[in-house]
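Colleague: Could you take me through the reading of a model with several chains, feature by feature? I would like the general idea before each case.

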Amino acid sequence: MSSTVTSKPKLKTSAMIASIAGEGQRTTAAPFGHALVKLAAERPEIVGMTADLAKYTDLHIFAQAYPERFYQMGMAEQLLMGAAAGMAHEGAIPFVTTYAVFATRRAYDFMHQTIAEDNLNVKIACALPGLTTGYGPSHQAAEDLALMRAMPGMMVIDPCDALDIEQMVPAVAVHKGPVYMRLLRGNVPAVLDEYDYRFELGKAKLIRDGRDVLVISSGIMTMRALEVAKELAADRVDVAVLHVPTIKPLDTSTILREAGRSGRLVVVAENHTTIGGLGEAVGTELLRAGVTPQFRQIALPDAFLDAGALPTLHDRYGISTSVMATTIKSWLG
Amino acid sequence: MEESKTDARAKLAEHAYRIRRNALLMGEVQGQGYIGQALDIADVLAVSYFGAMNYRPEDPEWEERDRFLLSNGHYAIALYAALIEAGIIPQAELETYGSDDSRLPMSGMASYTPGMEMSGGSLGQGLTIAVGRGLGLKRKGSKAFVYTLFSDGELDEGAIWEGLMSAAHWKLDNLIAIVDVNNQQADGPSSQIMAFEPLTEKMEAFGWFTQRIDGNDLDAVIAAFDAARNHPGEQPRMIIADTRMGCGVPFLEAREKNHFIRVDAHEWQLALEALEAGRQA
């Protein structure tokens, strides 16, 4: 028996704690937790709340710095959202963390009714957005953006890297009203500091210009798009990257301006199902405005995704850098 | 001393009468409404607003007020009746109940109505918000209480039990919850839809200071609210109020039990007369 096992090749892991950072990529540790601690020093009304996932959303950094402002609500996401609403009614600004699946799927009505309907100042930061774990559909939030976009009054943010997260935290605290933000945790890639970039709430930013292809992307797909652009440059394909960290409200004017520049293939790339995310949002705005470039979507399929190692899954579903580059080249013919 | 207590009781009885009357008048406006529930909870609301709670009618958002969270939003007709009686909503607005552009929609919502502290209706949410408000008040060092009313049907919702555990965990001695046990929910008698007894023992086991009373016995309601406020323990407080739907209007009380009690057009006036007769008795 044991000889059979040892003769098998070593299997790839589907480990829970896998960082999305590539090998050798520069990273920043727990940017959300540290940014929140820094901000909390100036904003006494900020409190942290979680549903048994402080350690896995980097909120433990805040809990250590401000134990009296940290509220462990237990593994009870509906309670978490309702209690955050109650806290906000009493003047606090709760930063609430859990996994994206548990907030958006399990506690949807509580966010809708107790938080969004009353336009309360609750900031919901969720780890494991889209396909960022190999744990299977129980933990893969492939449809979180669609769900949260549909909720009236909810701002929706999908940051790319550590820099985005560090700058997003103080920005959402200033915004009056509820915010859903995707969270990258642990050792988070640092990418955008190489570019002339600053996160601005509600703004799309052209990070890199190019003549042949315009990639409109959010979250980790912007990081991938920038890698693709470097790769395709070797093939003399010139790729522009428009980063859209704020999914709702959408920076329509910037998107229309860039997509309206003639002659470029427009590719919307997102770590999310094809349904209801950035791709459909951009497509709708283009049609409404009569802007009709050649339009393609790189996104997850409308399916229950497989369990497995994250790199395997990103290849399988077409959102890894290498597959994305191949796909875009094939569209160029 | 004894006499002033009697006076106070008489005043509360009059407030309860007027809350019932306001609710019937609103029901008449629309020809419908959750009047069975409004009549059953009127005594609890009278004691809440005229015997227990601290508030300023002219300033519904006064920081030091006690908060009242109506989880069962369909009881809005009852709470409006109390808010009108408390002078938070003008009596004249009663006629707009349930109409387009009214501040008094059929289901209670915070953004519509002064004195309405939450948007209820998606049942089972009030207690979770109440936990957050209790924590938020403690964070500010406030001495205010949070009251929340929910119904026995809401006990079916899992979030209620999340709230029950959490309130005890956080030792929320500023939280007073009232469960209206009228044993009626949408599809039938609550105890048959989802057995919830023994309720007192459950609440006690969850760590709450618990009293079970006849919610239409005004003296019992007064005593329960006093005990809930003054209980020395560092724990949340629960009042389980067994109530009678339609209480105060005998022919409605005798009517076949239903979540949405049938009242014919001509019966609203009869109900007001029956209520008036009971007041004089």
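The dialogue below goes through domains, helix packing, the chain interface and overall dimensions.

Modeller: This is a predicted model, in which local features need pLDDT of at least 70 and side-chain atom pairs count only at pLDDT 80 or more, whereas totals for chains, interfaces and linings use all residues. Residues are numbered from 1 along each chain as its sequence is written, while chains are lettered from A and ligands numbered from 1 in the order in which they are written.

Colleague: Into which domains is chain A divided?

Modeller: Domain bounds come from an automatic or database domain assignment, and here chain A has domain 1 (27-189) and domain 2 (202-332). The C-alpha centres of domain 1 of chain A and domain 2 of chain A are 25 Å apart. Their contact, where two residues count if their C-beta atoms, placed from the backbone, lie within 7 Å, takes 24 residues from domain 1 of chain A and 29 residues from domain 2 of chain A.

Colleague: How are α2(B) and α8(B) packed?

Modeller: Two packed helices are described by the angle between their axes and the distance between the axes. Helices (H or I, at least four residues) and strands (E, at least two) are DSSP runs, numbered from the N terminus, and axes are lines fitted to C-alpha atoms, for helices over the stretch in contact, with angles running from 0 to 180 degrees between N-to-C directions. In chain B, α2 (residues 35-52) and α8 (residues 218-230) pack at an angle of about 50°, with their axes 10 Å apart. Angles under 35 degrees count as roughly parallel, over 145 as roughly antiparallel, 65 to 115 as roughly perpendicular and the rest as oblique, and α2(B) and α8(B) are therefore oblique to each other. Among the residues making this contact are Val44(B) and Val47(B) of α2(B), together with Ile222(B) and Phe225(B) of α8(B).

Colleague: How many residues does each chain give to the contact between chain A and chain B?

Modeller: Chain A gives 22 residues and chain B gives 21 residues. On the side of chain A that touches chain B, α4 (77-89) and α6 (108-116) of chain A each supply at least two residues, and the largest share, 9 residues, comes from α4(A).

Colleague: What are the dimensions of chain B along its principal axes?

Modeller: The C-alpha trace of chain B spans about 50 × 45 × 45 Å along these axes, and chain B contains 10 helices and 5 strands. The radius of gyration of chain B (taken over C-alpha atoms) is 18 Å, close to the 19 Å that the globule rule (2.2 Å times the number of residues to the power 0.38) gives for 281 residues, so chain B is as compact as a globular protein of that length.
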